[in-house]
Amino acid sequence: MFRVEIGKSIHRLRTWVFATGLAALAILPVVVLATSNDSGGGPLFFDLIKSNGLFAALTVIALIQPFFLPLGTSILSGEAVAAEASSGTLRYLVVRPVGRVRLIVTKYLAVMAQVGAAIAWVMAVALIAGAIAFGFGPLPTLSGTTLTVAQGVIRILGAALYVLCGMAGLAAVGMFISTLTSSGVGAAGATMAIAIASQIVDSLPAVRSIHPFLISHGWFAFADLFRSPIDWGPMAHGLLLTAVYLTVFLGAAIAVFSRKDVVS
């Protein structure tokens, strides 16, 4: 089942269009810095790319984190079940000798595999572009200390894993909404709306008391990996929050789909 889901994704045109767009975004910060003398502003780590091409991978993650990554996650998870229902293929899936719980879990894992592949792809392209334009070297941290190239790469991989974990909660929400409707577009739109609303509310000081419970709270905590010493608190909270969202909403998706009367 997992191989089938990944195979369907590989043969979709939108997968390659999205991958091309991500590659362009990965190269964009490097091109801007290589062709301009002004490096002020920009996303997180943008100003540091000129000193070390390794920062290009972190910059592109900060660039896609607020919108493009949640958008891809919302589309994949929102359409996971709803698109099958709207196309009339869902009933053929549930009559196979595979339990409904396994079906939901497999589709969720396929979604996360595709999101992970997108993160790996965009960071790899950014690293290549950064290496060509500015080269690699010891990595200065946000605290003023310096990491070796090997230490920097390890922390960049840690940042990628943390960002992937951050999307795990949103994907679970999308899977749950997908089991409630037969409209893949509607499920994807609702999931993306939740991600956007969470980020907007998270920026409002007046409702600071609910910030720690918002799904997007802590999405940028991976920046603390590049401090000395590393501040593990925000990342630990982010991972715990993701675990809660994952458990609640994926469990709810399984519960709903297990009792769902599939007629299409």
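Mentor: Let's start here: α7 and α9 are roughly parallel to each other, a label for angles under 35 degrees, while over 145 is roughly antiparallel, 65 to 115 roughly perpendicular and the rest oblique. Keep in mind that this is a predicted model, in which local features need pLDDT of at least 70, side-chain atom pairs count only at pLDDT 80 or more, and totals for chains, interfaces and linings use all residues. Residues are numbered from 1 along each chain as its sequence is written, and side-chain values use heavy atoms, leaving out hydrogens and water.

Trainee: At what angle do α7 and α9 pack?

Mentor: First find the two helices (DSSP runs of H or I, at least four residues, numbered from the N terminus): α7 covers residues 149-178 and α9 covers residues 232-258.

Trainee: How many nonpolar residues does the contact of α7 with α9 have?

Mentor: Contact means heavy atoms within 4.5 Å, and the residues of α7 that meet α9 include Tyr162, Ala172 and Phe176. On the α9 side, Leu239, Phe249 and Val256 are among them. By class, the contact has no charged residues and 4 polar ones, while the nonpolar count is 17.

Trainee: Now for helix α3. Is Thr59 buried or exposed?

Mentor: Look for Thr59 in α3, which spans residues 55-64. Leaving aside neighbours within four places in sequence, Thr59 touches Pro29, Pro43, Leu44, Phe45, Phe46 and Ile49. The cut-offs for relative accessible area are under 20% for buried, over 50% for exposed and partly exposed in between (1.4 Å probe, protein chains only). Thr59 comes out at 0%, so it counts as buried.

Trainee: Phe45 turned up in that list. What is its phi?

Mentor: Phe45 sits in the loop between α2 (13-34) and α3, and it is buried, with a relative accessible area of 5%. Most residues other than glycine have a negative phi. Phe45 isn't a glycine, yet its phi is positive, at about 75°.

Trainee: Over to the charged side chains. How far apart are the closest N and O atoms of Glu5 and Lys8?

Mentor: A salt bridge needs a side-chain nitrogen of Lys or Arg within 4 Å of a carboxyl oxygen of Asp or Glu, and by this rule the model has 6 of them. Glu5 and Lys8 are both in α1 (residues 2-10), 3 residues apart, or about one turn of the helix. Glu5 is buried at 14%, whereas Lys8 is partly exposed at 30%. In their salt bridge, the closest N and O atoms are separated by 3.5 Å.

Trainee: Which residues do the salt bridges that share partners join into one network?

Mentor: Glu5 also bridges to Lys107 (2.9 Å, N to O), a link between distant parts of the chain, since Lys107 is in α6 (residues 100-134), 102 residues away from Glu5. Lys8 pairs with Glu84 as well, at 2.8 Å; Glu84 lies in α4 (residues 68-87), so this pair ties together parts 76 residues apart in sequence. Both Lys107, at 2%, and Glu84, at 10%, are buried. The one network is made of Glu5, Lys8, Glu84 and Lys107.

Trainee: How far apart are the axes of α1 and α6?

Mentor: α1 and α6 pack at an angle of about 45°, and they are therefore oblique to each other. The contact includes Glu5 and Lys8 of α1 together with Lys107 of α6. As for the spacing, the axes are separated by 9 Å.

Trainee: Last one. How far apart in space are Arg259 and Gly116?

Mentor: Arg259 belongs to the segment after α9, and it counts as exposed because its relative accessibility is 70%. In sequence, 143 residues separate Arg259 from Gly116. In space, C-alpha to C-alpha, the gap is 30 Å.

Definitions and conventions
Axes are lines fitted to C-alpha atoms, for helices over the stretch in contact, and angles run from 0 to 180 degrees between N-to-C directions. Ala, Val, Leu, Ile, Met, Phe, Trp, Tyr, Cys and Pro count as nonpolar, Asp, Glu, Lys and Arg as charged, and the others, Gly among them, as polar.
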